[in-house]
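Open the model in the viewer and keep the selection panel at hand. The stops below run from the whole chain to a single residue.

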Amino acid sequence: MASLARSFGTVGANTLVSRVLGFVRDLVTAHVFGAGAATDAFFVAFKIPNFLRRLFAEGAFAVAFVPVLSEYKANRSLAELRLFVDHVAGTLGLVLLGVTVVGMLAAPALVSVFAPGFLREPAVFELATGMLRITFPYLLLISLTAFAGGILNTHQRFGVPAFTPVLLNLSLIGCAWWLAPVLEQPITALAWGVLLAGVLQLAFQVPFLRQLNLLPRFRPAPRDEGVRRVLRLMVPALFGVSVAQISLLFDTLIASFLDAGSITWLYYSDRLMEFPLGILGAALATVILPNLSRRHAEASPQEFSRTLDWGLRTTLLLGVPASLGLFLLAGPMLAALFQSGNFDQHDVLMAERSLMAYSAGLTAFILVKVLAPGFYARQDTRTPVRIAVIALATNMVLNVALVFPLRHAGLALATTLAAVLNAALLYRGLRREGVYVPPAGWARIWAALAVSGGLMAALLLWGAGDVHAWLALERSDRVVRLVGWILAGGGVYVASLLAFGLRFRDFRGR
């Protein structure tokens, strides 16, 4: 468990750097471009290949590839392992190349499907279509990057893949500042920034693969035994691991019919939620899947259960205060980070609503990333799919039911409720199958988390005040005040845990 904690710290630290730069990127985007039809068009053009990237690369492919790769690493020779990597790289690359070409040619149809509301505004529709043709090759580049990251993670080289997203943020920041002013349509600078980032991210991984002597030679072999196993696992996983992404795209589809700026409000809300979700959820998922896969390959069910238990304890220890803080400080955070001449007070108030709805489900989103690998590591992709179908269907029904009274915030709340259902059903499935057996001590942890979270919430509820008071402050005052309350809330939470008798060892699975 100690190695798990170290790996989680490595991934979390690198992800923190990426998320901080992601905030800088969003600040630059909000200040340079504001919130309106042009930014809505870019976010749709970026969201489509980004969705497919999470669906195919970091989603279904990762959960199918890593367990099989771990098995090859544990039970096969280096020559067999290298040949497997070559065959997967060639097959994946060929499929992605075809998808990329089709996607660029079918850009108008894709925009029509994912943002049909744009059809009412021909200029916005044309802008989104043009930018999608620029951003779509990112799918090919970043999917190969994720493939390389899977190899590195399986060999316990977690730091390199975790640092790679930094290059996307740097590319977008640079293009927004220096390329946008010289373009006829400034917003397209962000689309070119996405394409440049894909090239940089893939190139960054190459030297580290060479160090492992696993730099792939692209040899398409769809009939290879290992490739066919990966493909069989991918088919159900395509849906199972991407419920949250499908939900977000469904949100975009409905939001395209709402007031101008709705997509942008949802985007910035999602970005703020993605900060803790990326640091905690992505780091936990990155570390736990290869470790669970190794435990399964070693036929060690007790260690498998202990690894899951470590993930659940870490999720609650860090996810509960993050969710409470994001919910209670939603307005102050948006005011401090994004309010400007282009992103005005109305935008802050609208984005606050959706951020509060998203933040209520933050812990559930992280739990899904920890619980689902409990199935994927055992090469069971069918059970999470059945659960995902239920969660997605629930999300769609709730979207339609909540969008009328709550507008864009209703879409965010529907996504949150679906995530809670998804996490609950995954947990129940692991318990029923006897895969996860909770050890003693959970009653004390639940009590400590409830008391500590309650004290933190009470302090922030008293101290944050009305968001309109924050809007009236100068930017520097907003930032200083926000940091102060975040530190105060975190301090109360940690002090309460310590007073309750909890220590770091309680969350190391021992």
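The radius of gyration is taken over C-alpha atoms, and the globule rule is 2.2 Å times the number of residues to the power 0.38. For 510 residues a compact globule would come near 24 Å, and the chain has 22 Å, which agrees. This is a predicted model, in which local features need pLDDT of at least 70, side-chain atom pairs count only at pLDDT 80 or more, and totals for chains, interfaces and linings use all residues. Residues are numbered from 1 along each chain as its sequence is written, and side-chain values use heavy atoms, with hydrogens and water left out.

Select the whole chain. Its C-alpha trace spans about 65 × 60 × 40 Å along the principal axes. Colour by secondary structure: there are 22 helices and 0 strands (DSSP runs, H or I of at least four residues for helices and E of at least two for strands, numbered from the N terminus). Buried residues make up 59% of the 510; buried means under 20% relative accessible area, exposed over 50%, partly exposed in between, with a 1.4 Å probe and protein chains only.

Next, select residues 362-371, helix α16. Of its 10 residues, 9 are buried, among them Phe-365, Ile-366 and Val-370.

Then go to Gln-345, in helix α15 (residues 345-359). Apart from neighbours within four places in sequence, Gln-345 is in contact (heavy atoms within 4.5 Å) with Gln-339 and Leu-471.

Finally, draw a distance from Gln-345 to Arg-386: their C-alpha atoms are separated by 43 Å, at 41 residues apart along the chain.
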